Amino acid sequence: MWTPYIIHPRAVEINCSRMEASVILPILKKKLAFLSGGKDRRSGLILTIPLCLEQTSMDELSVTLDYLLSIPSEKCKARGFTVIVDGRKSQWNVVKTVVLMLQNVVPAEVSLVCVVKPDEFWDKKVTHFCFWKEKDRLGFEVILVSANKLTRYIEPCQLTEDFGGTLTYDHMDWLNKRLVFEKFTKESTSLLDELALINNGSDKGTQEKERSVDLNFLPSVDPEMVLQTGHELLSELQQRRFNGSDGGVSWSPMDDELLAQPQVMKLLDSLREQYTRYQEVCRQRSKRTQLEEIQQKVMQVVNWLEGPGSEQLRTQWGIGDSIRASQALQQKHEEIESQHSEWFAVYVELNQQIAALLNAGDEEDLVELKALQQQLSDVCYRQASQLEFRQNLLQAALEFHSVAQDLSQQLDGLLGMLCVDVAPADGASIQQTLKLLEEKLKSVDLGLQGLREKGQSLLDQISNQASWAYGKDVTIENKENVDHIQGVMEDMQLRKQRCEDMVDVRRLKMLQMVQLFKCEEDAAQAVEWLSELLDALLKTHIRLGDDSQETKVLLEKHRKFVDVAQSTYDYGRQLLQATVVLCQSLRCTSRSSGDTLPRLNRVWKQFTLTSEERVQRLETAVAFHSSAEKILQECPEQPEAFNEMEQFDEIEAVGKSLLDRLTVPVVYPDGSEQYFGSPSDMASAAEHIREKMKLVSLKKQQLRQPEVTTPES
């Protein structure tokens with residue numbers, strides 16, 4: 001299918017006042033008339049008027065013809081038109097009206113009018129009105145012809161399918177493309193005028209011109225869209241020109257002026273040229289605008305940082321006198337930092353924009369851009385350093401006050417511990433309390449050392465504050481801060497010294513109490529030991545020996561045993577005397593002196609009585625064994641040694657006395673009684689003594705026999 005774009009190459013200039021397809025679009029859609037693109041044998045264009053059964057509006061038809069006849073060039077019009085009036089579906093009077101209207105609309109441009117008649121209608125009417133007789137009056141020739149006989153005047157390839165031809169024509173496709181062309185022509189022409197105005201105004205370079213151009217700096221339509229539309233349109237035109245019709249029949253242009261391609265190409269070239277200049281103008285203007293905006297923003301940042309920003313820092317010089325005060329100052333500083341952060345964000349963005357412009361390499365702006373960048377960086381870095389210094393100072397002050405508060409709480413706890421009277425239950429609890437006291441004192445020492453370190457660090461930072469004085473003399477403010485820090489450290493030192501003095505007194509008292517408890521415990525232990533010695537004396541020291549020698553050994557061991565008990569008793573007495581002295585020193589009453597001393601004396605008295613009884617028994621046993629052994633060892637040949645029988649009686653008396661002692665308990669002052677060993681043990685010792693007494697008695701009898709025998713003899 002082919003759709004002709006038949007326009008004058010200067011259609012913008014010569015047809016600007018004619019109507020546009022978009023204005024009469026509803027009428028054109030009715031297809032009251034059309035140029036199919038076909039040609040007669042004289043190369044004249046074929047204008048087709050298809051009449052229908054409905055009543056055709058002559059006004060609309062006239063408007064359609066005016067529009068269609070305005071499309072071809074004058075040269076093309078000079079060849080004349082062949083008009084095909086299709087009256088096969090219309091009435092004769094309508095056909096006649098249309099033919100007569102052609103006389104008024106296009107009299108000089110119509111060379112032939114072919115009225116296509118019905119096969120069996122109009123015959124009588126034609127005889128009453130012969131168009132050929134009216135040729136001179138009409139100005140063109142009119143013939144009545146059947147559809148199948150049109151080929152006598154027009155080649156079939158130039159006729160549409162309605163008349164048995166092969167030429168393809170789509171009215172709506174032609175209309176849509178016509179609208180695209182007219183829109184492109186209109187927009188491109190208007191755009192060229194606007195771009196020329198903008199470009200020329202920018203070239204003049206004066207401030208007044210720039211202001212006048214600024215009002216319409218942006219074109220009314222998008223140049224990219226217009227160029228795209230033009231390229232698509234040109235592509236379709238070029239494809240049609242070189243490919244032929246859709247029906248496969250080759251086509252050659254009647255005239256170059258019938259094609260829209262030249263004008264489209266011309267408009268596109270002009271548009272590209274002006275648009276390129278416009279883009280450069282926009283780039284330059286954008287660069288100038290961007291540079292001006294950067295300058296403005298840089299000055300805003302610099303003015304704020306050197307003005308309100310610096311003033312905020314000038315008013316913040318204190319460090320606070322407590323944790324809460326330092327935290328409040330930190331919170332205030334964070335608010336100041338937050339305000340600065342917004343401007344620092346602008347600085348980062350500006351720095352990136354300046355870096356991008358520097359990378360573009362425009363030499364005329366390099367010096368100015370670098371100067372702006374340097375100025376902005378210097379101010380921002382200086383202000384950021386001041387903020388960081390202030391933040392570090394406040395953090396150091398907060399740490400100093402935190403350490404001071406912790407140390408103060410430690411000193412309060414230590415003082416409270418020292419103010420409470422010590423009333424421990426035993427020496428272990430005293431040792432634990434003393435250990436806790438030493439740990440607290442050591443913790444206080446470490447805390448004071450940490451406070452000195454934090455304070456010195458804070459003083460060093462304050463001494464450096466003069467270099468960040470924000471243009472203000474801070475000597476007075478610094479002196480207040482220094483005095484406060486030194487005062488806190490001196491106060492903590494005095495409090496710590498007072499606590500140390502109290503700790504020394506408390507330590508001495510607690511050590512004395514430890515010694516007191518130790519003496520009491522050792523005295524009680526001495527009583528236990530003495531009781532154990534008494535118990536051992538009663539239960540294990542029961543043997544009296546088998547002979548005098550063994551008995552003497554037992555007696556010697558007993559004396560040593562008594563010496564141990566005496567040492568234990570003396571040790572207990574000394575400990576109890578020490579407790580009395582310590583209680584007097586501590587101004588307290590010993591809890592054990594009233595109990596331990598009587599126990600010690602009671603046990604010692606019992607031990608003494610038991611020991612004396614043991615000595616009496618051993619001494620009696622020695623005397624018994626010695627006398628008995630002497631008698632038993634005497635030879636019978638020496639009877640003179642036994643002249644006195646009293647020795648035997650004495651031995652018997654000692655033996656009996658010893659046996660009696662073994663059966664008698666030890667009676668203590670409190671009336672209690674204790675026996676040595678068990679009854680079996682006593683019975684064993686007594687049996688041994690009796691056996692020896694029997695031997696003595698037998699010896700006595702032996703000695704008496706010679707005396708009896710001699711008198712008789």
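In this predicted model, Asp173 has a relative accessible area of 24% and therefore counts as partly exposed. Lys177, at 25% relative accessibility, likewise counts as partly exposed. The side chains of Lys177 and Asp173 form a salt bridge, with 3.4 Å from N to O. Both residues belong to helix 8 (residues 171-204). They are four residues apart, about one turn of the helix.

The salt-bridge count for the model is 25. Side chains of opposite charge can pair when their charged atoms come close. One of these pairs joins Glu60 to Lys30, with the closest N and O atoms 3.0 Å apart. This pair links distant parts of the chain. Glu60 sits in helix 3, and Lys30 in the loop between helix 2 (25-29) and strand 1. The two residues are 30 residues apart. Glu60 is partly exposed at a relative accessible area of 22%. Lys30 is also partly exposed, at 47%.

Arg88 and Asp86 supply another salt bridge, at 2.9 Å from N to O. Here the partners fall in separate accessibility classes. Asp86 has a relative accessible area of 11%, so it is buried. Arg88 reaches 33% and is therefore partly exposed. Elsewhere, salt bridges connect Asp445, Lys496 and Glu500 into a network.

Val83 stands opposite Val113 of strand 4.

The largest nonpolar core comprises 78 residues. Leu458 and Phe607 have the most contacts inside this core. Two or more residues come from each of helix 13 (363-419), helix 14 (427-463), helix 15 (475-540), helix 16 (548-586), helix 17 (593-633), helix 18 (646-663) and helix 19 (679-712). Helix 15 gives the most, with 19 residues. Leaving aside neighbours within four places in sequence, Leu458 contacts Ile319, Leu393, Ala396, Ala397, Phe400 and Ile485. Another core lies apart from the largest one and has 38 residues. Among them are Ile24, Leu32, Leu68 and Val95.

The disulfide count is zero. Cys380 has 2% relative accessibility and Cys499 has 4%, so both count as buried, the cut-off being under 20%.

Conventions:
Residues numbered from 1 in each chain as written. Predicted model: local features only at pLDDT ≥ 70, side-chain atom pairs only at ≥ 80, totals over all residues. Heavy atoms only, no water. Core = buried A, V, L, I, M, F, W, Y, C linked by side-chain atoms within 4.5 Å. Buried < 20%, exposed > 50% of the residue type's maximum accessible area, 1.4 Å probe, protein only. Contact = heavy atoms within 4.5 Å. Pairing = 2+ DSSP bridges. Disulfide = S-S within 2.5 Å. Salt bridge = Lys/Arg side-chain N within 4 Å of Asp/Glu carboxyl O.
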